[in-house]
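Below is a short briefing on one structure, grouped by topic.

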Amino acid sequence: MADKILKELTLKIWRQKDAKSQGGFKTYKVHNISTGTSFLEMLDILNEQLVEQNEEPVAFDHDCREGICGTCSLFVDGRAHGPDDDVTTCQLHMRRFEDGATITIEPWRCGAFPVIKDLIVDRKAYDKILQAGGYVSVNTGGVPDANAIPIANDKAEEAMDAAACIGCGACAATCKNSSAMLFVAAKVSQLALLPQGKIEAARRAKAMVAKMDELGFGNCTNTGACEMECPKSISISHIARLNREFLKAKLKD
Amino acid sequence: MSNFLTSSIGKKVIMSLSGLFLILFLCVHLSVNLLLLVSEEAFNAGCDFMALPFIKVIEPVLALGFIVHIIWASVLTIQNQKARPAKYAKRCQSQNCTWASRNMYILGALVLAFLALHIATVWYQFKFGEITSHYEFVSSFLKQPCFGVIYIIAAILLGLHITHGFWSAFQTIGFSNDIWRKRLECIAYFFAFVFAAGFSIIPLYFMIFGN
């Protein structure tokens, strides 16, 4: 069956020249968009149109376009990664929108993620949190045998669920407090569950939380919005684990 | 432990523990209040028991619990407001979290406004007034529709605050996982219902049967 065609869409897009400039919304129209088009392809079509009109194309982040790299962002119609659950913006398709609709497209709004240009934000804050402790210190040497360290299946599964985090920033972007707790929790939890990561669990929890606070993210109030908007459906139970790990570490001090 | 109290999780643990302490207080408060529905003697005896010295010593601790909960909530809320300098033009928060969870500070502030009224009227009279029968005083006070209705509204607001506050407190201290979260949310709704219904049934009773 052929895809339906959306005859006209109105796009209200945040335009901002650079980090220092004052931004504002600009309205554009796109025509004859197939419902099979992905949201980012629709923006590509708009950009081609803008180039033809000698206008500056809209800058937005994207890379793999298959929901695994965490590069795309966008706050579409009031929700991080758009109205669909469990998808990144690149996996959102135009079949989700009605013909004649007005779509509001904004960058992530979070003090720790400053806007660089148009819809692109600087998410280095997440890298800095990871650098603070989101790793396992490994001494170089031979690769250990895969089954040398036994790991219970439920632990491996849970660690894998946490490891699904792609660091897109939707959690902090959607949180009413701009809290990065789900991201930090996913990283702390993933490593704390596994024997290789457990050794540094205390130091990691303290260092990553301290860095998160330092970068100006807000305080989690457990609304659960992050979990709902997370394209990888990471559970806020990982936040409970982060809290446990942090308290355990602090009590030992 | 040096920077525990200044860390985001540390501040939330203080909110969590003070909140749970206040829930414990509400349990005691409601138990005594419900004696109003039993008999005049029962409630007066309950009030006399609450006036015993070993109960009285807890009063400053309770006051501290309230103060800490309010101050830390304000500090956290101000920080959270600052964490997003530029706001979204369009947001659909109702699709990803509950209204109560988003408005805990407003609900708390409204409960605090009620608390001020409650202290200025009932608590002050209990403490410093010349009251012969506590039951008589409460029944004639709650019989007035203006106070009765305020008390019922406050009970509902308190209930809403607890629907999120109760389970959130456990989540913050790390006592939660995918299974326990559902249980805790259930218990939170149970407590919220008990407090909202328990505290509003009393003014309702006096407004209907008081005359």
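Chain A is divided into domain 1 (5-106) and domain 2 (124-252), with bounds from an automatic or database domain assignment. This is a predicted model, in which local features need pLDDT of at least 70, side-chain atom pairs count only at pLDDT 80 or more, and totals for chains, interfaces and linings use all residues. Residues are numbered from 1 along each chain as its sequence is written, and chains are lettered from A in the order in which they are written.

**Domains of chain A**
- The centres of domain 1 and domain 2 of chain A, taken over C-alpha atoms, are 30 Å apart.
- Twelve residues of domain 1 of chain A are in contact with ten residues of domain 2 of chain A (contact: C-beta atoms, placed from the backbone, within 7 Å).
- On the domain 1 side of chain A, the touching residues are five nonpolar, five polar and two charged (nonpolar: Ala, Val, Leu, Ile, Met, Phe, Trp, Tyr, Cys and Pro; charged: Asp, Glu, Lys and Arg; polar: the others, Gly among them).

**Helix packing in chain A**
- Helix H7 (residues 201-214) and helix H9 (residues 237-252) of chain A pack at about 105°, with axes 8 Å apart.
- H7(A) is therefore roughly perpendicular to H9(A) (65 to 115 degrees).
- Seven nonpolar, no polar and four charged residues form the contact of H7(A) with H9(A).

**Helix H6 of chain B**
- Helix H6 (residues 104-128) of chain B has a kink of about 40° centred on B:Ile119 (the angle between axes fitted to the seven residues ending there and the seven starting there).

Definitions and conventions
Helices (H or I, at least four residues) and strands (E, at least two) are DSSP runs, numbered from the N terminus. Two residues are in contact if their C-beta atoms, placed from the backbone, lie within 7 Å. Axes are lines fitted to C-alpha atoms, for helices over the stretch in contact, and angles run from 0 to 180 degrees between N-to-C directions. Angles under 35 degrees count as roughly parallel, over 145 as roughly antiparallel, 65 to 115 as roughly perpendicular and the rest as oblique.
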